[in-house]
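This report covers ring contacts, packing, domains and backbone geometry. The sequence and the model come first.

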Amino acid sequence: MSRELALAAVDLGASSGRVMVARVGPGRLDLTEVHRFPNRPVRTAGTLHWDVLGLYAGVLDGLRAAGHEADGRGIDGIGIDSWAVDVGLLDADGALLGNPVHYRDARHETAVPQVHALVPPDELYRVNGLQHLPFNTVFQLAAMRGTARFTAACQALLVPDLLAYWLTGARVAEVTNASTTGLLDATTRQWATGLLDRLDLPRDLLPALVQPGDEIGRLTADVRAETGLGDVRVIAVGSHDTASAVVGVPARGDRFAYISCGTWSLVGVEMEEPVLGEAGRAAGFTNELGVDGTVRYLHNVMGLWLLQESLRTWAAHGLPADLPDLLAAAARVPAFTAVVDVDDARFLPPGDVPARIAQVCAETGQTPPQSQAETVRCIVDSLALAYRRTVRTAEELSGREVDVVHLVGGGARNALLCQLTADACGRPVLAGPVEAAALGNALVQARALGALEGGLGEMRRLLRTTQQPVEYRPTGSAAAWDAAEARAYRDR
């Protein structure tokens, strides 16, 4: 490593975005948050959209702040990661045709029967290896067919690729995020052109694929003038935030499961090849690509969305909505007072999650939570049950044994959830780093720019020497978790 690098890691989540400056040098890997900005979806004429121009403005502000943080020596690279599946459509001039539609908008689901009539679900899985989610890009694009916007579209860019296009002028599709669309062949790792043809989707709608570590381009003159930065390279990282977060798991060897715990919880194991059997499809497991040709074999669990929407609902009704206080109160509530299947489709749309939890509990013969603390305890117990069930299924379907669970992302701050996860899984949980996605983003950039050598093992070795996860050891009775799981999943 010839010198220390200063790298801008742009990490966009469902509720906020931030720009971090990572410093990578001999034995050094640290992050400084230089700018955070809200990500507020907007509903217009009944459709929920992302305010992608607002996000781009936040990115520019963050890059300007990153330049100041670098003390005049400049930023060496920029990488962008975000959530998956949502796309912006460009016209023939490269102009954006309206704001991307939010994955939680109900319109996508209307296209599911149309797609499955052309390509049955089992066949679709054999091609793309994806867990069925009604908002996968394949359904989004099918729902747009026949609209004026889709007719005018010449290209579709996923959100991080769209932002990179505005920074550099280059239109590409980074492969880890492309693998979430349902339009990438899980075996060949190229666009599934036969699938596009059968669905009557234009082949040239999807841009050329690039790999993590490839250079997308350099900042345009306009962006340099806007941010005060120089001729900086924009590097393709694991642009799906979970791909970057899995790079940021400080694991030893391969006998680990990961939980990337944010608005969604992505729970799975790291593999070398996809697992495309019918059992995986039935269990809702997905094969998404990771960095260095890996496969993230995982299941999407509803995640901290349940807590976030509960807090939003309570705040709107003038009730206390301080999460640390509510978690402390929830810790005093007896375990398994009520449990639910967190992947129940009723929890997906925005709305009154506490009322929906009460409804599910009543339907399953349980006493609904009687207080905010009981609702929070129901959520964290139920999340731990989902993690337990998913880790066990991942082992069974993949043949990969798990000795330890790494929990990274925002949920690593939730000590109650981390301890319950250890108890539920019967394995140690190593919690942290919280900023795993930004760290993974920066590590891929650093290697691309020549500051690191080797593969994931070398990146994770640097993580282990610079980041300190918190260990939670399992306690309690497996039989109690067995009984709770039977209550939560009695209909499965």
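A charge sits over a ring if NZ of Lys or CZ of Arg is within 6 Å of the ring centre and within 35 degrees of the ring normal. Two such placements are tabulated here.

| Charged residue | Ring | Distance from ring centre |
|---|---|---|
| Arg-104 | Trp-305 | 3.5 Å |
| Arg-389 | Tyr-489 | 4.1 Å |

The model is predicted: local features need pLDDT of at least 70, side-chain atom pairs count only at pLDDT 80 or more, and totals for chains, interfaces and linings use all residues. Residues are numbered from 1 along each chain as its sequence is written, and side-chain values use heavy atoms, with hydrogens and water left out.

**Aromatic pairs**

Rings of Phe, Tyr and Trp (its six-membered ring) pair if their centres lie within 6.5 Å; planes under 30 degrees apart count as stacked, over 60 as edge-to-face and the rest as tilted. The structure holds eight aromatic pairs. In one of them, Phe-285 and Tyr-297 have ring centres 5.0 Å apart and planes at 35°, so the pair is tilted. Phe-285 sits in the loop between α11 (278–282) and β15 (286–289), while Tyr-297 belongs to strand β16 (residues 295–301), 12 residues apart. Helices (H or I, at least four residues) and strands (E, at least two) are DSSP runs, numbered from the N terminus.

Buried means under 20% relative accessible area, exposed over 50%, partly exposed in between (1.4 Å probe, protein chains only). Phe-285 is buried at 2%. Tyr-297 is buried at 0%. Elsewhere, Trp-50, Trp-83, Tyr-103, Phe-135 and Trp-264 make up one aromatic cluster.

**Domains and cores**

The chain divides into domain 1 (5–236) and domain 2 (251–432 + 453–491); these bounds come from an automatic or database domain assignment. Their C-alpha centres are 26 Å apart. The contact between them (heavy atoms within 4.5 Å) takes 26 residues from domain 1 and 33 residues from domain 2.

A nonpolar core is a set of buried Ala, Val, Leu, Ile, Met, Phe, Trp, Tyr and Cys residues joined through side-chain atoms within 4.5 Å. The largest one has 152 residues; Ile-75, Ile-78, Leu-141, Leu-163 and Leu-183 touch the most other members. Helix α15 (residues 372–398) supplies its largest share, 11 residues. A second, separate core has 19 residues, including Leu-7, Ala-22, Ala-442 and Leu-452.

How many residues of helix α6 (residues 159–168) are buried? The count is 10 of the 10, so α6 is largely enclosed by the rest of the structure. Among them are Leu-163, Tyr-165 and Trp-166. Just after α6, Gly-169 takes a positive phi of about 85°.

**Arg-447**

Arg-447 lies in helix α17 (residues 436–448). Its side chain makes a polar contact of 2.6 Å with that of Asp-292. A polar contact is a pair of N or O atoms within 3.5 Å; within protein, one must be able to donate a hydrogen and the other to accept it, and residues adjacent in sequence count only if both atoms are side-chain atoms. Beyond four places in sequence, Arg-447 also contacts residues including Val-291, Leu-452 and Met-459.

**Backbone**

The peptide bond from Gly-432 to Pro-433 is cis, with omega near 5°. Pro-433 lies in the loop between β18 (429–431) and α17. Val-85, a residue other than glycine, has a positive phi near 70°. Val-85 sits between β6 (77–81) and β7 (87–90) in a loop, and is buried at 5%. Arg-189 also has a positive phi, near 65°. Arg-189 is in the loop between α7 (175–178) and α8 (193–198), and is buried at 18%.
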